[in-house]
Amino acid sequence: MPEAPLDLPDFVSWPSFPFEGDLRVKPLDPVVATEPARQGEDGNGCVACAAKDDAYIWVSDRWRVRAMDKPTGLPMVLILESRSHLDLGDLPNLLAAELGVMTVRLERAVRSLDGVARVHVNRYGDGAAHLHLWFLARPHGQLQLRGSFLSLWDDILPPIAEERWRENLALVAAWLAEFGGRALAEPPRIAWQAPATLTDSNPIRFDDDVDEVAGPAVEEHAAPAPVPAPRDPTSLPVVAAPVT
Ligand SMILES: [Zn+2]
């Protein structure tokens, strides 16, 4: 005999809840005796370990920061990863202490962006075994986006402009590089058209003249991470590609 559906929780009436209309709670699946392996469990087939540095916006000896592969609804969504294949509970003291420093540093960097009021820091760890923390920027003034539904809103809102997104990536990367490591994200190129009288001039690239924004960007690479990772642990494809 089917069980009676669970009551709807109070949060469906919160202003931050993104949906309205008739809702009902899904029936729960049976409990499994053995959980499936996460992506990269035991280091096998780990996407993060296989990713090269140029898939990241900033790297250091022990940490890397990646972005999504394209703009999303929030001003900034980033992932902090350890370079070593470790999970949160495996971190030796040095990395555990550095994780605190990196978390604070990255929070400040993202919060420094125009239009960002708050930075949410999430760690789920249900989909991929390699340690990764999410940093999501909550837009200033958008009170309805406060709280735990922010990552849902990120998928609901229209993507921000590509140029602004690339500027934000470069600013965060440069901020982090102030403390060490290498910034790999560059500001967007501006193909500036020279006046007609200067007929033989080449288009001036923004990063030719203004390099203090990008910091020591040592590689000719502006593309952010190619591998977006779903962060809804309940829908995370465990074996199917590309997750972290
Ligand atoms: Zn790994």
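**Exercise 1.** Determine whether Val 172 is buried or exposed, and locate its contacts.

*Solution.* Val 172 has 26 C-beta neighbours inside 10 Å and therefore counts as buried (buried: 20 or more other C-beta atoms within 10 Å of its own; exposed: 12 or fewer; partly exposed: in between; C-beta atoms are placed from the backbone). The model is a predicted one, in which local features need pLDDT of at least 70, side-chain atom pairs count only at pLDDT 80 or more, and totals for chains, interfaces and linings use all residues. Numbering starts from 1 along each chain as its sequence is written.

Leaving aside residues up to four places away in sequence, Val 172 touches Ile 57, Met 76, Leu 78, Ala 109 and Val 110 (contact: C-beta atoms, placed from the backbone, within 7 Å). Ile 57 is 115 residues from Val 172 in sequence, yet their C-alpha atoms are 8.4 Å apart.

**Exercise 2.** Identify which residues of helix 2 are buried and which elements they pack against.

*Solution.* The buried residues in helix 2 are Met 102, Leu 106, Ala 109 and Val 110. They lie on the same side of helix 2 because their arc around the axis is only 80° (taken from the directions from the helix axis to the C-beta atoms). Asn 93, Ala 97, Gly 100, Val 101 and Val 104 are exposed on the other side. Finally, the buried residues of helix 2 pack against strand 2, strand 3, strand 4 (116-122), strand 5 and helix 4.

Key. Helix = DSSP H or I, 4+ residues; strand = E, 2+ residues; numbered from the N terminus. Contact = placed C-beta atoms within 7 Å.
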